[in-house]
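Subject: Structure handover

Hello,

Please find the structure below. My notes on it come after.

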Amino acid sequence: MKHVLIVLSLALTFSSINIQAAVWEDTQSWSLEYEQKFSAWMQSPAVKENMFTFVSSPYYGINTDCADTAYALRAIFAFENKLPFAITNPSGSREASKSLNNRTNKFDGAGPENKRLVALITEIGSSVGTENLTRFDTFPTAIKKIAPGTIFTYKIKARFKKFIRHAYNIKDINPVGTFDVIYSTQANQEKRGELLRRREREFENAPSDPWGFRKFRWPEHLASNLESIPQELGPSMEQFELATSLGENAFFTMVRKTVATSSESTGERLNRLFKSVCQEAQARIGYVNEAIAYLEKSNNECMDYQKFDAFSTPARDAALKEMFLKFKQSYSEARQTQSGDAVILSYAESVYSNKGDKTELQKACPVNYRAGVSIDLGTLWNRISNDLLSSHPNDIIEARWGEVTKRLTKCKRWY
Amino acid sequence: MKKNKKKILGFLILGILILARIIIHMESKPEIDVIPGTMKMVSAYEKDESRAQIDSRVITPFTSQCGDAQKLYSDINEVKKIKSVSSRFVNTHKNIDGVIYRFRFFYKETSENEVPQYLLYQEDDQEEDHLIEVSPYIKGTKFTKFEKKNGITLYSEEGFNVGLDQNLFLHFENGQLKKIQGPIDGKFHDCAY
């Protein structure tokens, strides 16, 4: 009897070892209908900021940066609808392992289905970035086919011949043609924060082949030419041609008008841009304070490359300046056409003429960047336009906000 | 009387034609600011009937360009000699003492920059790769250890960016050109081979 039990338990042990399971079984196929469902899902409340951080969420534990978020959302939708999911295998497409996909059994040890999905997404996050996303796993789309679920990727030059790349997921398209985006960043991933959201995003950085508006390839279209992708999905290189011929501003104006379902008056645009400038200016308080908190913890040590990378803000500062410039242009248009809300016009005048009483502007958008110090957007713009803000994470808070231009850090600027 | 009727009918038809012309003219008017010289493209874009023409114009040519582009960049050794070339990722599969390891190097973007990332995978007997080490910035200890060992290279894959703006992307597998993406002489390419 004892021997029988031993044999039985051994047999059970080996049989459990040999159980192999896909991450999930796919029983459906991608189709135009499923693409529409994907768009509807992206718009829905199911796709939300805390979907990876809310403890009772089935996807709790996923921690993503920008490209990983796009992969994660696509994988989750495929998982929930029993669809196949595949990306070009990051480790190399030799023989049988052409793609990394839902049928792999290498995450067997992760536990139930949803945990295997988390493990798959985590591995994707370690293995790829926006270059894989843009170059291998997505295709450029016609402007008219931009929809919720479309990704916008870009690459811009940074200092010292480096490049900054990023990806936004379009959650929804607002009636006036601006984008509601959900995304993450490396800094956000580091602190395991909720996904980030901007509800009225206008993109900068015009498409430059292959960076721009892109959609996921179906598994059967990986590593194939654009012509193999169904025309109904809208594969097209037109955005690159249009961006080149029109220039950045006209291109994005054209995109906005093409995807819009209602028109936006000059005054409405001015209001919206004021809110956006205010939101971005106040968001900088958080970025800078993260660096200041780290400096306090590290006793003001000079940051190494990795920390400098996580806490410096040159690209975000450039984006904030760009937003102020858009608001300024909109203000100029509103004045020319004698339109716009008188209150917002007066705010804009206070910002750009730097004259008059700024009490109301200060009340409308206070930038309270350190205890006891709150500035208005006019003061901030004055500092930005005079290049007084410091993006160096080792600088003291007064220098980061351009309040002082002396006592700057002597720590190395890595890029 | 008959003559008058004919005249009225004639005026009516003329009026309808003029009205139709005005409506067509108003609809084709561009609604957005455009750079001089580009109006045709944008105004055509906003009209659905012209859309089909634009789509076919931008989709069809890229395949015909792919053959020419392939000739330019088919030799990986020549590509490596290009002054502006930079390696974006490398995957190498090596059989070391009967175990197959996959070495991967690529650039992972960060908020303000990009950092090198080194990964090591070990294959099981079904050629399934299992990630065993991830190391940002510098090679990890296992990566370094196995990289030094002699072995038989089974597979190699490399991606390059070329050009002043690093816009052109070339992808090779085992020395064979597999993909070209980006502008060449002002024409946009997305070619798989």
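This is a predicted model: local features need pLDDT of at least 70, side-chain atom pairs count only at pLDDT 80 or more; totals for chains, interfaces and linings use all residues.

Residues are numbered from 1 along each chain as its sequence is written, chains are lettered from A and ligands numbered from 1 in the order in which they are written, and side-chain values use heavy atoms, with hydrogens and water left out.

Pocket and cavities

Both terms rest on a 1 Å grid over the protein atoms alone: a cavity is a set of points where a 1.4 Å probe fits but cannot get out, a pocket is an open set with protein on both sides within 12 Å along at least five of seven lines, and lining residues have an atom within 4 Å of a point. Grid points are joined across faces, edges and corners, and a volume is the space filled by probe spheres set on the points. Helices (H or I, at least four residues) and strands (E, at least two) are DSSP runs, numbered from the N terminus.

The second largest pocket has a volume of about 790 Å³. Its lining has 42 residues, and A:Tyr154, A:Tyr168, A:Ala315, A:Arg316 and A:Ala319 lie nearest its centre. H11(A) gives the most to this pocket's lining, with eight residues. The lining of the second largest pocket splits into 18 nonpolar, nine polar and 15 charged residues; here Ala, Val, Leu, Ile, Met, Phe, Trp, Tyr, Cys and Pro count as nonpolar, Asp, Glu, Lys and Arg as charged, and the others, Gly among them, as polar.

There are five cavities of 30 Å³ or more. The largest cavity has a volume of about 100 Å³, and its lining residues include A:Arg198, A:Glu200, A:Arg272 and A:Lys326. H9(A) gives the most to that lining, with five residues. By class, the lining of the largest cavity has two nonpolar, two polar and eight charged residues. The second largest cavity, at about 50 Å³, has A:Trp30, A:Phe85 and A:Phe216 among its lining residues. Its lining divides into seven nonpolar, no polar and two charged residues.

Salt bridges

A salt bridge is a side-chain nitrogen of Lys or Arg within 4 Å of a carboxyl oxygen of Asp or Glu. The count over all chains is 38. B:Lys108 forms a salt bridge with A:Asp65, the closest N and O atoms being 3.3 Å apart. B:Lys108 also pairs with A:Asp68, at 3.0 Å between the closest N and O atoms. This second pair crosses between chains, from strand E2 of chain B to helix H3 of chain A. B:Lys108 and A:Asp68 are buried (buried means under 20% relative accessible area, exposed over 50%, partly exposed in between, with a 1.4 Å probe and protein chains only). A:Asp65 has 1% relative accessibility and therefore counts as buried.

A:Lys157 forms a salt bridge with B:Asp165, with closest N and O atoms 2.8 Å apart. A:Lys157 is in strand E4 of chain A and B:Asp165 in the loop between strands E5 and E6 of chain B, so the pair joins two chains. A:Lys157 is exposed, at 52% relative accessibility, whereas B:Asp165 is partly exposed, at 38%.

Chain B

Chain B has six helices and eight strands. Of its 193 residues, 41% are buried.

Regards
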